[in-house]
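Hello,

Here is the structure I promised to send over.

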Amino acid sequence: MDLDVFVSAHRAEWDRLDALLRRRRRLTGAEADELVVLYQRTATHLSLIQSAAPDPQLTGRLSQLVARARSAVAGARRASWRDVTHFLSHSFPAAVYKARHWWVPAALLSTAVAALLGWWIGTHPEVQASIAAPSELRELTRPGGQYETYYSSHPAASFAAQVWTNNAWAAALCLILGVFLGLPVLWILFQNMLNLGVGFGLMSSAGRLDTFLGLVLPHGLLELTAVFVAAGTGLRLGWTVIDPGPRTRRTALAAEGRAALAMAIGLALVLFVSGAIEGFVTPSGLPTWARITIGVVAELAFLAYVYVLGGRAARAGETGDLEAFERSADVSTAA
């Protein structure tokens, strides 16, 4: 593309759009129609320049022009409780449902890795010896030891807040770092499964696996599911870099990135629930069966939310992305 020729050919249209936007409250019907057409054309020009001959100054000018025109055409819009309701009942569960082909395999493989690590550590004393000294291992695994007192080491409210912050940060890292071909996501997953496997192996070798499961399962089912969803979404984002499909790589990454951002907000709410369970239910005096039942009910409720509500929304066309008029135009229908 010869940028100078392109600018010369279309400068008059951009100037005309700018003039219409300056007096948009006093436009006639014909001028309003002209504004819409010029907005579509300018959006197309911006897309062409960004892909064929990126020029920072020109791209900045046209981006501002397109943003102003989109605001004029679509009208100002404020977030409302209806948006929150739509996000929770349609957008978020649909996004999780559509990503199931990524996070379900990630969950199954990660769980298998954690179980394998736990078996390896639990059946090999030399591996346990490389983790810590025998006296330290006894302190970790004995009745009333560190594995048990960890969940009651701080006041429930502050402990739940700390757990929520840490888990939300781990999920956010999976979503953000997925763009690096998904490799950091695999490392984060492995670190989580390694920590789980170490606890599993050490407590089983001490004959206290039932206690360990009674402490982990109430909050861990929902917590790990949220981490798996974040990891699966991050891996999908990384794969988009490699294979964007029929879309341009820029368009595909923008769409997947917006969905990942929405996913981060929704998963923060899910992890808030799991953090509350870990802070108030796990260390409580409830019988083990009652604590595990609460965790199983929370997990089943989330899966039903995703597969029933999310599946229905996805089949109705919901993608978890922004509404069409809220997204930046890629290639418009008029040129």
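In H13, the buried residues are Ala290, Arg291, Gly295, Ala298, Glu299, Phe302, Val306, Gly310, Gly311, Ala313 and Ala314. Buried here means under 20% relative accessible area, exposed over 50%, and partly exposed in between, with a 1.4 Å probe and protein chains only. Helices are DSSP runs (H or I, at least four residues), numbered from the N terminus.

A word on the source: this is a predicted model, in which local features need pLDDT of at least 70 and side-chain atom pairs count only at pLDDT 80 or more, while totals for chains, interfaces and linings use all residues. Residues are numbered from 1 along each chain as its sequence is written, and side-chain values use heavy atoms, with hydrogens and water left out.

Back to H13: its buried residues pack against H4, H5, H11 and H12, where contact means heavy atoms within 4.5 Å. The helix has 28 residues and reaches 39 Å from its first C-alpha to its last, close to the 40 Å expected at 1.5 Å a residue (the expected span is 1.5 Å times one less than the number of residues). Just after H13, Gly317 takes a positive phi of about 105 degrees.

**The aromatic cluster**

Phe87, Phe92, Phe302 and Tyr305 form one aromatic cluster. Rings of Phe, Tyr and Trp (its six-membered ring) pair if their centres lie within 6.5 Å; planes under 30 degrees apart count as stacked, over 60 as edge-to-face and the rest as tilted. The whole structure holds 8 aromatic pairs. In one of them, Phe92 and Tyr305 have ring centres 6.2 Å apart and planes at 40 degrees, so the pair is tilted. Because Phe92 lies in helix H4 and Tyr305 in helix H13, this pair ties together parts that are 213 residues apart in sequence. Phe92 is buried at 4% relative accessibility, whereas Tyr305 is partly exposed at 22%.

**The nonpolar core**

A nonpolar core is a set of buried Ala, Val, Leu, Ile, Met, Phe, Trp, Tyr and Cys residues joined through side-chain atoms within 4.5 Å. The largest one has 40 residues, of which Phe92, Val96, Met263, Leu267 and Phe302 touch the most other members. H11 gives the largest share of this core, 9 residues. A second, separate core of 17 residues includes Leu21, Ile49, Leu58 and Ala69.

Best wishes

Notes
Helices (H or I, at least four residues) and strands (E, at least two) are DSSP runs, numbered from the N terminus.
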